[in-house]
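Please walk me through this model in the viewer, one selection at a time. Tell me what to pick and what is there.

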Amino acid sequence: TRLSSHVGEFQGWLTHNELSDAQTDLRLTQLQERLREDRLNVAFVAEFSRGKSELINAIFFADYGNRMLPSSAGRTTMCPTELLYDAGKPPCIELLPIQTRASNSGVTEYKSFPDEWTVVELDIDSPEAMQDALRHVSETTRVTPAEAARLGFEVGQGEIDLYLIGDDGLVDVPRWRHAVINFPHPLLKQGLVILDTPGLNAIGAEPELTLSQLPNAHAVLFILAADSGVTHSDLAIWKEHICAGGTA
């Protein structure tokens, strides 16, 4: 905000002293527009059941007096979830189906095709309606092991097996690939964007999350549980996805 103000003062000083020209004026105007559109991206990273959703509830939804994002024991955030505010859209949740993983297109590319997303309206005046709508981020769907593997999920592999074959021969996988929550919180209105990530197995299953979204975040908030300390899976997330092999 201060930088934008100083650029505006400088632009006015140039005009007042007849030192400006059309090209300079255009460049300074474009700079101010970029500053207004600039966002601060903060990624919340943790293994599941570390209190990540509780923290987001406390920061952004405390005025409702209840938990808005699902935050019970176990996996609650099933897909990467962005929390932001876009004044050009009504309060809503945009959900990208998990089946889009089978294509070669990334989440960023899909954002240019709104018809591919499922949109759920948010009634910000009703805590109960908000809770019902936000439960979508924890939805799962049952698919065959072959389909789960095609979508990038490792079935029954690794030290933490989240995707196991059930008695019916099917596997529980996230229903959505990505979620975007458009919510008019004062911090979000100022340009803050929160990226809420799932646990270790889900992080590894979404290449764009590890190759683009996490590295491009301006800050990463790494969350541990006070009751469990630093676990093996916590260290795996830290080494593989945050500090480039433990060198930082």
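Which residue in S9 stands opposite valine 45? Select valine 45 and look across to S9: the residue there is phenylalanine 222. Keep in mind that this is a predicted model.

**Stop 1: strand S1**

Stay on S1, residues 40-45. Four bridges join S1 to S9, and the two strands run parallel. Pick phenylalanine 44 next. Opposite this residue, in S9, stands leucine 221.

Now turn to S8. S1 and S8 also run parallel, joined by five bridges.

**Stop 2: the whole sheet**

Show the strands together. You have an open sheet of seven strands with mixed pairing. Read across it in the order S4-S3-S7-S2-S8-S1-S9. The edges are S4 (118-121) and S9 (219-222), each of which pairs on one side only. Neighbouring strands are turned by 20 degrees against each other on average, direction ignored.

**Stop 3: two helices across the strands**

Select residues 52-60, helix H3. H3 lies across S1, S2 (81-84), S8 (192-196) and S9. Against S8, the helix runs at about 160 degrees.

Then select residues 232-242, helix H10. This helix lies across S1 and S9, running at about 170 degrees to S9.

**Stop 4: threonine 197**

Go to the loop between S8 and helix H8 (200-205), where threonine 197 is found. Is threonine 197 buried or exposed? Threonine 197 is buried, because its relative accessible area is 0%. Follow the side chain of threonine 197: it reaches the backbone oxygen of phenylalanine 44 at 2.8 Å.

**Stop 5: arginine 50**

Move to the loop between S1 and H3 and pick arginine 50. Why does arginine 50 count as buried? Its relative accessibility is 14%, and the cut-off for buried is under 20%.

Show the side chains around it. Arginine 50 makes a side-chain polar contact with threonine 231 at 3.1 Å. A polar contact of 3.2 Å links the side chain of arginine 50 to that of aspartate 234. Leaving out residues up to four places away in sequence, arginine 50 also touches others, including Ile223, Leu224, Ala225, Ser228 and Ser233.

**Stop 6: the nonpolar cores**

How many residues does the largest nonpolar core have? The largest core has 27 residues. Select Phe61, Leu83, Leu134 and Ile181, which have the most contacts inside this core. The elements that give two or more residues to the core are S1, H3, S3 (92-97), helix H5 (127-134), S7 (176-182) and S8.

Zoom in on phenylalanine 61. Not counting residues up to four places away in sequence, phenylalanine 61 touches Ile56, Asn66, Met68, Leu69, Leu83, Met130, Leu134 and Phe183.

Then look for a second, separate core of eight residues. Among them are Ile98, Ala148, Val171 and Val173.

**Last stop: serine 4**

Finish in helix H1 (residues 2-16) with serine 4. Serine 4 counts as buried, at 18% relative accessibility. Its contacts, leaving aside neighbours within four places in sequence, are Gln32 and Leu35.

How values were computed:
Residues are numbered from 1 along each chain as its sequence is written. This is a predicted model: local features need pLDDT of at least 70, side-chain atom pairs count only at pLDDT 80 or more; totals for chains, interfaces and linings use all residues. Side-chain values use heavy atoms; hydrogens and water are left out. Two strands pair if DSSP finds at least two bridges between them. Axes are lines fitted to C-alpha atoms, for helices over the stretch in contact, and angles run from 0 to 180 degrees between N-to-C directions. Contact means heavy atoms within 4.5 Å. Buried means under 20% relative accessible area, exposed over 50%, partly exposed in between (1.4 Å probe, protein chains only). A polar contact is a pair of N or O atoms within 3.5 Å; within protein, one must be able to donate a hydrogen and the other to accept it, and residues adjacent in sequence count only if both atoms are side-chain atoms. A nonpolar core is a set of buried Ala, Val, Leu, Ile, Met, Phe, Trp, Tyr and Cys residues joined through side-chain atoms within 4.5 Å.
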